[in-house]
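Please look over the model shown here before reading on, since the paragraphs below follow its strands and then one of its pockets.

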Amino acid sequence: MSAKKAQSQPHYIFHYDANGRLSEIENNSYGNPRRHPLTSFGTKFVKISYGNGLQTREYFDVNNKPMMNIRGVHKEVFKVDADGFIYQLNFFNDSNKAVESRWNIAEYKWQQKDNWVVERRYNLKGEKQPLSPYFEFADTAIEYDKQGNPKRHYNLDGDLNIANNKDGVAYYEDDYDNLGRHTKFSYFNHQREMVKNQWGYAYATKHYDEQGYYQKASRYEVDGTPLQVVDPFKSDDKSNTRAEIKRVSLSYLQALKNRKPELMKEVIHQDLHKHFVPLFPLPSGEHTLRQTSYEKLMEFAESWNLNGVRFPPEMTVEVTILDVHRDMATVKMVSDNWIEYLHLVKLDKRWQIKNMLWDYKQ
């Protein structure tokens with residue numbers, strides 16, 4: 001990669017110490033979309049030091065100040081035995097205090113067992129944790145291929161036997177091409193039969209462009225039938241998407257007018273940020289936003305229009321969808337009394353209002 005191309009292409013720069021050991025990784029991904037929580041450090045620099053059977057990784061921002069990495073920790077300390085086998089990992093904050101990662105894990109432990117590496121994870125209380133919040137494997141065994149790539153990850157019971165998890169998956173298998181790129185992942189039960197995972201597909205193949213950048217994954221049924229992925233920006237689904245965005249936006253006002261808290265709960269995200277932009281400052285002279293919380297809005301849905309005079313009998317609302325991008329949308333809504341700007345998100349196949357800014361129409 002040339003210096004000119006590096007200005008617009010995501011890349012990393014690796015630095016080594018006098019002993020040929022990796023000592024620093026500089027992240028120049030330029031905000032490249034993250035496809036998985038583990039595909040980026042989430043920091044500008046990773047600095048690696050060695051000594052006394054330890055390998056320590058610390059994380060820094062663009063100004064070389066300590067910061068949390070994508071796991072939510074400042075420091076990762078690996079313990080290495082005399083044979084070079086890494087057998088433990090612990091997380092710390094910037095005060096060198098033990099902490100849990102965003103996945104509630106404070107410590108990883110690994111041991112060799114035949115051709116497996118067995119992994120266990122613990123929180124600060126010493127309680128075992130699953131592989132990740134979205135994939136409930138207990139103790140796991142990692143099996144490697146001849147090139148040293150992790151080939152299979154097994155879910156293990158208390159006796160270290162391969163066992164199905166609650167979704168009927170006992171292990172997942174990874175395939176790689178001759179360039180080392182991860183090209184396929186598939187799911188199996190304890191009888192080594194391919195099965196669907198909790199997301200509804202049995203395996204997926206990954207596609208890369210000519211430069212090796214990951215582009216997308218194609219998902220399949222057990223029998224190899226491709227899963228139909230709905231594109232919300234093509235054909236009829238585009239109009240259906242916009243109709244649903246409009247419905248959700250209107251439902252928020254309808255829930256207030258008709259005192260329907262169950263409708264409000266359906267269309268408002270629990271992490272709502274709703275703010276009023278006042279024309280005049282407070283008596284103190286401070287000019288600040290005024291917030292309405294999710295809980296307060298739910299109360300309003302029950303009682304705000306109790307006297308029936310907050311809305312005209314025939315409510316007028318103009319809804320303009322300003323933009324839609326994948327699972328995000330921006331809407332302008334002009335009603336009899338208010339002008340509002342809404343941000344909507346689509347999570348678990350459901351559109352909800354996440355952010356709101358409003359002011360009086362007059």
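What follows moves from a sheet to a helix beside it and on to a pocket.

This is a predicted model, in which local features need pLDDT of at least 70 and side-chain atom pairs count only at pLDDT 80 or more, while totals for chains, interfaces and linings use all residues. Residues are numbered from 1 along each chain as its sequence is written, and side-chain values use heavy atoms, with hydrogens and water left out.

An open sheet of mixed pairing is formed by 6 strands in the order 16-15-20-19-18-17, where strands are DSSP runs of E of at least two residues, helices are runs of H or I of at least four, and both are numbered from the N terminus; two strands pair if DSSP finds at least two bridges between them. Strand 16 and strand 17 (317–325) are the edge strands, each pairing on one side only. Within this sheet, strand 18 (residues 328–335) runs antiparallel to strand 19 and is joined to it by 7 bridges, and Met333 has Glu340 in strand 19 as its bridge partner.

The second largest pocket is lined by 17 residues, of which Lys274, Trp304, Trp338, Trp358 and Tyr360 are the closest to its centre; a pocket here is an open set of points on a 1 Å grid over the protein atoms alone, where a 1.4 Å probe fits, with protein on both sides within 12 Å along at least five of seven lines, and lining residues have an atom within 4 Å of a point. Elements that each supply at least two lining residues include helix 2 (235–258), helix 4 (294–303) and strand 20 (350–360).
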